Every structure is written in structure tokens, then in C-alpha cells.
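I opened the notebook to look up a few residues and one ligand. My entries follow in the order I made them.

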Amino acid sequence: MTQYVYRFGGGVSDGGQGDKNLLGGKGANLDGMASIGLPVPPGFTISTAMCTRYYDDGQRFPDSLRAEVANGLTHIEGITGKRFGDAADPLLVSVRSGARVSMPGMMDTVLNLGLNDETVEGLAEVSGDRRFAWDSYRRFIQMYSDVVLELDHGAFEEALEVAKEDKGHFLDTDMTAEDWQALVGSYKKIVEQQWGKPFPQDVNDQLWGAIGAVFGSWQSERAKVYRRLNGIPGDWGTAVNVQAMVFGNMGETSATGVAFTRDPATGERAYYGEFLINAQGEDVVAGIRTPQYLTRAARERAGAKAASMEEAMPETFAELARVFALLEDHYRDMQDIEFTVERGKLWMLQTRNGKRTAAAALKIAVDMANEGLISRDEAVARVDPAALDQLLHPTLDPAAPRDVLTSGLPASPGAASGTVVFDADTAEKHAALGEAVILVRVETSPEDIHGMHAAKGILTARGGMTSHAAVVARGMGRPCVSGAGTLAIDAKARLFRVGERTIKEGEVITIDGASGEVMAGEVATVQPELAGDFGTLMAWADGARRLKVRTNAETPHDCRTARDFGAEGVGLCRTEHMFFDAGRITAVRQMILADSEQGRRAALDKLLPEQRADFTEIFEVMTGLPVTIRLLDPPLHEFLPHEEAEFAEVAEAASVAVDTLKRRAAELHEVNPMLGHRGCRLGVTYPEIYEMQARAIFEAACDVAAKTGAAPIPEVMVPLVATRRELDLMKAIIDDTAKAVFAEKGREIAYLVGTMIELPRAALKAGEIAEVGQFFSFGTNDLTQTTLGVSRDDAGRFLTSYVDKGIFTRDPFVSIDTEGVGELIRIAVERGRATRPEIKLGICGEHGGDPASIAFCEGAGLDYVSASPYRVPIARLAAAQAALKNRV
Ligand code: PEP
Ligand code: MG
């Protein structure tokens, strides 16, 4: 019989060293902490395998689970000496979810489970604290109603507010035992009204309800959105952790807190965290009371008055510091910890590898390698390549004027400007239209995740550094300022006030997640510097990787940026971007409108010097490195006007009649332009276009060689080839042109002619095509579209459902479909190399900057990947990680 329940605590550790896949992250680490002797309240974990089975069996539990759970409870009862449901001295438990990877806010927690009208009296008796007992009971009803019964939590909050108002209380802490008891009565009435049944009094019913709710929340909309954004498979499932309660709210010698073993924002080696005396866990994260600092140094730095834990509870703090050291040693990584102090005794409730900003990830990885805790290769493997994005983005220009409105906590670094919006749906709507928005909320909750993702930055009025907004924003790499207490948000009126000033929805503000400042209007930014830890880690990565990294760029500016980021060449220069340039579009249109070769050549003659100048500059920037230039690719009608109003203007500029222009536009119109007259098909029908482009390339190369003494390394690339014959024809044009230019210039430049592999036929016939082409570059944007038969332009409308339903794990235009498209690539690699062993192989579709796709390219044995300039460092790191993974 499969075992589903694993016990931990009190010297027991059923899970051994804790398998995260089976026990979930939280369960595995509770088990791990128990196994190294740390003070963990006893409990048990129901495995993720049970979650999978639960859904396979139509959301039912197997009978055997009852006995296993009963056995788990007996384990807890044995250690605590309390019995579940005992009216005299009741055992209370927490029920929490725990997936393999932490999913902040996705899964819900129930605390104080096991309280009912009888056991609450027992708890009051044994604790000697009636107020505490009734406070615990009302918290339990509130949480259980919200999470398990899914009742409207607003009604409970309102009842609490009314109760406080009636008594003239301002704070929860002013409430007496009798006040809480009365509130329990009101809560039970709300439950009965909304649910139609009384609040469950049977503790076993409570427990099974909570277990079912945790498994149920795996398929909640919020969880699905989070999984989709983070590429987490839907069949992983979550575990459920049931654990004896310990109480941080048993008076002044009790406390609860969260801590990091190093600073998660900067990576600095300093304990970092917050705690609250006489409080239960959720009070810290909920932002209801302002937490106190952990260390004296942090308190002094912040200029805060309330004593730090180091000052208020020196002995317990020393014990906690000892635990920090043990945990870092054991897990060899920075830990994010939850703890509770119950009447002076420290209990560890959770540990996990802490989420951190990209800057902190870098610093911690480099520091830990230097401390000898991990190797350099491990340091390289530790940093999430996608997170580097945060470091590569601009920060506020220190010299730029700032109109500071207020400031809050520097919760997640980076600067962002955008128009103010007050809810997640609006954020998403405006962002979809290409608008930069800043999401402004009193505080965020898991329902806001899609809006946080759509926003450029997040600003909240409430909540600390470990509030939902802060944690999620850091994970997403969005700048965030949290707890800006002076903001008065009126979401109904769609505005916020700060002091005398009012900012309405739609007005622009800037937030600086590194300083916490909030400014009116847009503030200028500066590019980041890539020295220090960044440089160190990238150097280690470069030492580990095999794949070369090039860039997709067509302007000298982008080429320079990419080169500064470490690009080792240009993998794709899309020449059509140069055709759209305002100064040239008229000549391009004249070329398209010409009805003879002669007319086209006349227009192309005007473009030649312009293209030559482009290539000259690029060759100069990329001295010593290869530059792949792709000949014209898009259908010609893209260069013609589409709107009625534009026709007259364009006709005049191009000196043709409006009717002629319209007729030509109609002739060029295509039903499926992506599968139409584009790519080398243009070169086949209008060879003079490619001839002009080849001439511009070779003339520029000769000129740069003459000027600088360093010969450029051009690689001329033909797009959308399906057959060998197409490439034959195009190569002849290129070679003939090269010959002519070299004769005119009296100098030869070494160059290659190759092709993109963007069509399934090209991949299959790669053996033949390689007889002509000297290199292949996989254009995986088109190859994905043509392999799947999914239009690049229309895919967005339905791909999300495909990902939700598990047809694709991720959007195949973002991360390569390794099975289908991947197989075509593997075939082309094999057949191409069989014909021409030295053939150069690369990828230049968007996938070239996606870490998972780069791992695929490493496995497929490509020579290089090419990514947009800002993704070059990401690609360098991802390539190193892929190489390291392949090595083991
Ligand atoms: C491709 O198809 O992958 C490619 C790089 O070309 P483009 O995106 O310009 O079609
Ligand atoms: Mg393409």
C-alpha cells in the first residue's frame, strides 16, 4: 500500500532527508529541520502524490488515508501530551499547504484548528488566559470560514469593526475576553446565515474540511495564474502539513516573526527580519500592526523606537542566531524562516531558500563561493538568469529633478514610471494596449497577481518588507514601494491624496523601489553598471559555457549595447528595419511601385548608399566579431500605406497617382502574408533587391577594412528557404556581387553565405541545403509557426487556454517546443553536419534569449544562440548553466 502520511518532530523524521517532490517544499524542510535536531512542533505531511490521486479519483480520498491521518495525530498527541478534541486540554493544529516550489499567497493556511465551544474553555483553563483562548477561537472561525467554507470575509471584518466601535476600542489588543467571546457569537451567526449550517463543532470534520480545502486550492484560479506565469506544471500537486500549534500570542514573552539569514534586498550578510510581540503569524504579513526590527543595527539604521528582538528578547535572539547558522550550513543557501516564541521558547515553523532580488542573488552566490560554502560552478547555477533582467534595467538618474510626493519602504528595486491605476483588471487592460502603468493599492492580495504582472511597478499604502506586495514583486522582478503610509487612496473616486496633493487615475508617477521614493511625473533614468559581483559571476559563467552568445540587433547603438553586455557577434541583423527609416521609406515605396526592373533599380540606387552606411557603422562597432546580415524578409505590402488618409500623402511623395498606388497595394495584398510573398521569394522574383543589399554589405566591408585595417566578418543570410534550388539562386547573386565589388575595390573579404532554417521542409532537406549553405541559423519564430501551423500574429488569442489545459507547458513562441520543433532542429543538425561537418549552427528566433530554450540548444549541439541586447547576459548565464547541467 502506498504511504501518503509522513511524520516529523520529537525525534521522528519519516521523510528521511525530505524529498521536496513528495513532501512539498514546506514539508520537506520541516522534516529536514527536525532531522538536525531543531525545535520543530511535531506534525505530519500528506504527500503531493495524494493530491494527484485525489484529482484522479474525482476529488475523493482513499479509505486508507483515514487510518494514516489518525496515526499522524497519535504521533502529535504522544509528543505534546494533548489530545485532539479533548475538552480539558485540547491539541490544536495548523493546516498549511506546501507545493514543491513556494507559491506565495497561492495556498491558504488554517490556524488553531481543533477549537469548538467546548475545547475553547479547556484552552482558557490550561493557558490561564481566557482572552487568548477566545481570541484564538474567533481567529479560527474567521480563517476557516474564509479558506475552507469560502464565505465572504468582508462580513467578518465588518463584525469586528462594529464590535470595536461599540466598545470604543481602537486596536484589537484593546479587546477583552468577553469582547472576543461575544464576537465568536456574531461570527457563528454569520456562518449560519451564509453557509446555511452551523459552524462545524466536530474537530475531525474541521480537519478533513481543511485538508480538502488545501487540495482544492491547487486548482483555484489564482494558483493556475501563478503556475502559468511561472511555468509550473499542473500535475505536481501540493502537500498538506498538519502541525501542532504553538502560540506567539500568549503575552509579552511570546512573539512571532519572519527572518532571512541575509538581506534579501541587497544580499548583505546581516540578519534581516521583523517580529511582533504577542501576536500570531498572520499579523506580521498582513500589515495590520507595524512589525519591529530583528536586530538593533537595523532598528537604529531605520531610526525606529520600538525595541528590536535583539534588545527585547536577547536570549531567544541568540538562540535564533545559532539556528540561522545551522540552517545556512545545512541547506547551503540563504534561508527564509518563520518562527514563534511561546512563553520564551523558540519554535521553528518553516524554512526555505529565501526569495531575493537579482542583486542579492548575485551577491549571495558570489559571497558564498568566496566563503567556501559552495563552489563557483554552484554559484553560477544558483542565479536565475531571467532575474538578471532586474539588474540590467535602468535606475533613476541622480541628477534628474524629482518632485517627491512621499516615500515608503524600498520593497523591490528598480525604477518605473507609468500612469496610475487602482485595480488589477485596469492594470491588465491598459498594459495590453502598450501603456506603462503603476498599480496603486492599499495592499495587494493574491487576486491582484495578474495586475502586478502587467504593471511596471507597484505602490502600496500598507504592509512591510515581507507583505504580499513586497514578496511577490521581488519574485516577479517588478519595482515596488510598499507601506507608503501617507497615501490616502480613494479607489472609488480613482485617485489618491498625499498631503495637499491629489493624483488621479491616468496621471504619471515614478517609483524608486531602491529608495522607496514616490514622485509625480516621469523621472529620467540611467543605465546600470555591470561591474562588481555581476562581472565576477559572468566571468565564472563564461568559463563554464560552451555555447557562444550573439545578439539580434540592427542599429549601431543596439550592437554597442549588446557588445558591452558581452555579445560575441551579431546573429541576426534584420535589414527591413532599415527600410522603414523615415528618410528611406519613399525610395522603398518607389521601388515597390516601379513596374519594371529598370524602375526598381533606379530606386534601389538611392537606397544603396544608405544601406552601405548602416553596415559600415555596424562593422565598425563589431570589429573582430562575425555579423550575420539577413537579406530582406517581409512581404512588400508592409511598406505601403493601409489607411485611406495616407494614400494621398504617399502618392505625392512617391510621385505616382493615388489610383496607381491603390492598385499596387491591392495587387500586393495577401490573405496569409506570413506564408506569402516574403523571404527569399522576394529575392527570387526581384533579384535586384538582394543584389543591392549584397553590394551594400561588401562595399561597406571593403571600406571598413581599408579604413581600420581590420576586416569585418560578414555572414550573408537568406531567409525562408525551403529548397536547395532557392539557395543556389540566391548564393549565385551574392557571390557574383561579391566578386564584382572585390574587383572594383581591389580587395577581398572572407565571407560566408548561409540560410535560416524556418520551414519544416528546410529542416528535413538540411542535408541537401548544406551542400550550398555554409551556416544555418534556426529562425524558430517562423519554424514554430510553420511546424505547429499556428500564426505568430494570431496565436495570443487562444494560446493561454492551451497552456491552461496543459496542451503546452509554456507558450511555444516563448519557450521552444522541444518535442516537435525541437525534433526538426535535431534532424537538421544531424543532416546538415553529415554533409558539411564544419557547418556553423545557431539560433536567432526569440527563443535564443529564453533559458529553457538555451538548455535545449546546448543539448542539440548548436554553436551559438542569438538574443536581443538586454538578454545577452541572461543567455550567457543560461548557457553556462546548461553546460554545467550537461556535465553531470
Ligand atoms: C525567426 O523566424 O525566428 C526569425 C528570427 O525571423 P523573424 O522573426 O524576423 O521572422
Ligand atoms: Mg523568420
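**Entry 1: a serine in a helix**

I started with S136 and left out its neighbours within four places in sequence; S136 is in contact with N112, L115, L123, F247 and N249. I note here that I am working with a predicted model. I then looked up where S136 sits, and found it in helix α5, residues 130-147.

Is S136 buried or exposed? S136 has a relative accessible area of 0%, so it is buried. I also checked its side chain, which reaches the backbone oxygen of F132 at 2.8 Å.

Next I took the distance to S220. The two serines, S136 and S220, are 84 residues apart in sequence. In space I read 27 Å between S136 and S220, C-alpha to C-alpha.

**Entry 2: an alanine in the α1 helix**

I moved to A28, which lies in helix α1, residues 20-35. The relative accessibility of A28 is 2%, so A28 counts as buried. Buried means under 20% relative accessible area.

Which residues does A28 touch, not counting those up to four places away in sequence? I listed G18, D19, K20 and L23 for A28.

A28 and F260 are 232 residues apart in sequence, and their C-alpha atoms are 19 Å apart in space.

**Entry 3: a glutamate in α7**

E192 came next, and I placed it in helix α7, residues 177-195. I read a relative accessible area of 43% for E192, so it is partly exposed. Partly exposed is the class between buried, under 20%, and exposed, over 50%.

Leaving aside neighbours within four places in sequence, I found E192 in contact with K197 and P198.

**Entry 4: the domains**

I looked up the domain assignment of the chain. It gives domain 1 (5-244), domain 2 (255-353), domain 3 (393-526) and domain 4 (545-887). How far apart do the C-alpha centres of domain 1 and domain 4 lie? I noted 57 Å between these two centres.

**Entry 5: a threonine and a glutamine**

I found T316 in helix α13, residues 314-331. T316 is buried because its relative accessible area is 11%. Not counting residues up to four places away in sequence, T316 touches M309, V341, G344 and L346.

Q693 is in helix α28, residues 687-708. I read 0% relative accessibility for Q693, so Q693 counts as buried. With residues up to four places away again left out, Q693 touches T575, F579, Q611, F615, L631 and L632.

**Entry 6: two positive phi values**

I looked at backbone angles next. N278 is not a glycine, yet it has a positive phi of about 55°. I placed N278 in the loop between β10 (272-277) and α10 (282-286). N278 has a relative accessible area of 22%, so it is partly exposed.

R343 is also not a glycine, and its phi is positive, near 45°. Where does R343 lie? I found R343 in the loop between β12 (335-342) and β13 (345-353). R343 is partly exposed because its relative accessible area is 44%.

**Entry 7: ligand 1**

I finished with ligand 1. Which of the 14 residues around ligand 1 come nearest? I wrote down R574, G779, N781, D782 and R792.

I then checked polar contacts. The side chain of R574 has an N or O atom 2.7 Å from an oxygen atom of ligand 1. For D782, a polar backbone atom is 2.9 Å from an oxygen atom of ligand 1. For R792, a polar side-chain atom lies 2.9 Å from an oxygen atom of ligand 1.

How much of ligand 1 does the protein cover? On its own, ligand 1 has 290 Å² of accessible area, and the protein covers 95% of that. I looked up which elements give two or more residues to the shell around ligand 1, and found β28 (570-574) and α32 (780-788). The most comes from α32, with 3 residues.

My last note is on residue classes. The shell around ligand 1 has 3 nonpolar, 4 polar and 7 charged residues.

Technical notes. Residues numbered from 1 in each chain as written. Chains lettered and ligands numbered in written order. Predicted model: local features only at pLDDT ≥ 70, side-chain atom pairs only at ≥ 80, totals over all residues. Heavy atoms only, no water. Near = heavy atom within 4 Å. Polar contact = N/O pair within 3.5 Å; in protein donor to acceptor, adjacent residues only side chain to side chain. Areas by Shrake-Rupley, 256 points an atom, 1.4 Å probe, with all protein chains shown as cover. Helix = DSSP H or I, 4+ residues; strand = E, 2+ residues; numbered from the N terminus. Nonpolar A, V, L, I, M, F, W, Y, C, P; charged D, E, K, R; others polar. Buried < 20%, exposed > 50% of the residue type's maximum accessible area, 1.4 Å probe, protein only. Contact = heavy atoms within 4.5 Å. Domains from an automatic or database assignment.
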